[in-house]
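Please find below a colleague's note on the model under review.

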Amino acid sequence: MHIYQLPISLYSFKLRLALRLKDIEIPFREPPGGYRSDAFAQINPARTIPALGDGAFWLAESDAIIEYLDDAVLGRPLRSDDLQARARDRMLSRWCDFGLEPAVRRLFPLVAPETRQPSAVAECAEIVTVRLDRLEAGLDAIGPFAAGPTPGLADCGLTATCAWIDALADVGLLGRLEQPRLQRTLSAMRAHRACMAEIAAYRALTEGWVRAKIGAAP
């Protein structure tokens with residue numbers, strides 16, 4: 001079994017967090033020729049990362065991979081035994097991956113000064129705020145994690161996406177995160193012994209990417 005991924009990839013980072021929480025090691029590989037290559041399309045027709053290879057079996061999409069590893073009983077389970085908590089976690093993960101993350105990603109082409117359009121930045125920032133507030137309303141009232149007392153799918157995705165929000169906020173493209181439940185969830189992930197080093201390393205990668213785009217010194 002192995003995983004095709006890249007260090008800077010948001011969804012690769014999401015999966016790496018899940019592996020840390022599950023306390024399992026799976027070898028990483030870079031997609032041959034890059035993830036958009038024809039060679040990688042022979043492995044994963046969607047040409048997306050991360051992707052998992054398990055013998056002749058392949059699987060794309062981070063949540064699908066994490067759930068597959070849970071179903072294979074590899075490491076600690078990330079899905080709750082409680083039916084409602086498990087469903088809430090899956091819902092929040094999809095809100096993040098299909099709502100918040102695409103809104104944040106729309107800002108990537110606007111980071112460099114030569115391509116920055118203030119009206120487009122403002123529009124994206126407004127959408128991000130709306131989707132953050134929607135997620136905030138769905139997070140567990142007690143926590144400390146997204147769907148309850150233990151981390152799950154949504155915590156991995158939120159941590160990954162909010163790393164980019166923080167990096168973009170550093171250069172004024174987004175506002176700082178202010179949602180209290182979300183801040184609580186992110187703090188719980190950053191303080192989790194299994195995740196601390198992975199989160200710190202990824203924060204450095206996102207900061208470096210943004211600095212390079214704006215031409216700032218490291």
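1. The model is predicted; local features need pLDDT of at least 70 and side-chain atom pairs count only at pLDDT 80 or more, while totals for chains, interfaces and linings use all residues. Numbering starts from 1 along each chain as its sequence is written, and side-chain values use heavy atoms, with hydrogens and water left out.

2. Strand β3 (residues 51–54) is joined to strand β1 (residues 2–4) by three bridges and to strand β4 (residues 57–60) by four. The β1 and β3 strands run antiparallel, as do β3 and β4. Helices (H or I, at least four residues) and strands (E, at least two) are DSSP runs numbered from the N terminus, and two strands pair if DSSP finds at least two bridges between them. Gly-53 in β3 stands opposite His-2 and also opposite Trp-58 in β4. Two residues separate β3 from β4 in a hairpin, and Gly-55 in the turn has a positive phi of about 65°.

3. The structure holds seven aromatic pairs. Rings of Phe, Tyr and Trp (its six-membered ring) pair if their centres lie within 6.5 Å; planes under 30 degrees apart count as stacked, over 60 as edge-to-face and the rest as tilted. Tyr-4 and Phe-40 form an edge-to-face pair, 5.5 Å centre to centre with 65° between the planes. Tyr-4 lies in β1 and Phe-40 in helix α2 (residues 38–41), so this pair ties together parts that are 36 residues apart in sequence. Tyr-4 and Phe-40 are buried, where buried means under 20% relative accessible area, exposed over 50% and partly exposed in between (1.4 Å probe, protein chains only).

4. The rings of Phe-108 and Trp-164 have centres 4.8 Å apart and planes at 45°, so the pair is tilted. Phe-108 is in the loop between α4 (83–105) and α5 (118–138) and Trp-164 in helix α6 (residues 153–170), so the contact ties together parts that are 56 residues apart in sequence. Phe-108 is buried at a relative accessible area of 15%, and Trp-164 is buried at 3%.

5. Which residues lie nearest the centre of the largest pocket? They are Ser-9, Leu-10, Tyr-11, Ile-49 and Arg-105, among 22 lining residues. Two or more lining residues come from each of α1 (10–22), α3 (62–71) and α4, and α4 gives the largest share, five residues. A pocket is an open set of points on a 1 Å grid over the protein atoms alone, where a 1.4 Å probe fits, with protein on both sides within 12 Å along at least five of seven lines; lining residues have an atom within 4 Å of a point.

6. Helix α1 is mostly covered, with twelve of its 13 residues buried; Phe-13, Lys-14 and Arg-16 are among them. Just after α1, Asp-23 takes a positive phi of about 60°. Asp-23 is exposed, with a relative accessible area of 55%.

7. Two peptide bonds deserve a check. Ile-49 and Pro-50 are joined by a cis bond with omega about 5°, and Pro-50 is found in the loop between α2 and β3. The bond from Gly-143 to Pro-144 is also cis, with omega near 10°; Pro-144 lies in the loop between α5 and α6.
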